[in-house]
Amino acid sequence: METVRLDSLYCLLKGEPGTRKSACALSFPKPQYWFSFDRKMDGLMIPMKKWGVNPKDVTYDDYMDWNPALKKLEGFRVNFPYKTLIIDSVTSCADAIN
């Protein structure tokens, strides 16, 4: 394990609805940017307070379709001031793309 590099991770959190996948994502490095396709960020306030996550370290935008999200992603190619990018949820994102 001494040679493992954690410079970047690509993770897919999979599970039944309500199993706290999004809350788990709060444990990843900050600052974070969230593509909120489920539009349920209010549900993360309790875990954030319990774990001492500074709300200023979590930025998000609610998306209903893919085009604004794509524009945001393209902007990140030039400037990405975050350590973690989260798409919540992949299923809702795929629905928006389709």
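1. Basis. In this predicted model, local features need pLDDT of at least 70 and side-chain atom pairs count only at pLDDT 80 or more, while totals for chains, interfaces and linings use all residues. Residues are numbered from 1 along each chain as its sequence is written, and side-chain values use heavy atoms, with hydrogens and water left out.

2. Aromatic pairs. The whole structure holds nine aromatic pairs (rings of Phe, Tyr and Trp, the last by its six-membered ring, with centres within 6.5 Å; planes under 30 degrees apart are stacked, over 60 edge-to-face, the rest tilted). Tyr 33 and Phe 35 form an edge-to-face pair, because their ring centres are 5.0 Å apart and their planes stand at 85 degrees. Tyr 33 is buried at 0% relative accessibility, and Phe 35 is buried at 1% (buried is under 20% relative accessible area, exposed over 50%, partly exposed in between, with a 1.4 Å probe and protein chains only).

3. Helix 4. Ser 92, Cys 93 and Ala 96 are buried in helix 4, residues 90-97 (helices are DSSP runs of H or I with at least four residues, strands runs of E with at least two, numbered from the N terminus). These buried residues line one face, because they fall within an arc of 105 degrees seen down the axis (the arc is taken from the directions from the helix axis to the C-beta atoms). They pack against helix 3 (66-76) and strand 3 (84-88), contact being heavy atoms within 4.5 Å. The face turned away from the buried side carries the exposed residues Thr 91 and Asp 95.

4. Backbone features. Most residues other than glycine have a negative phi, and most peptide bonds are trans. The bond joining Lys 30 and Pro 31 is cis, with omega about 0 degrees; Pro 31 is in the loop between helix 1 and strand 1 (32-36). Arg 20, in the segment before helix 1, has a positive phi of about 70 degrees and is partly exposed at 48%. Arg 39 has a positive phi near 55 degrees; Arg 39 lies in the loop between strand 1 and helix 2 (45-51) and is partly exposed at 43%.
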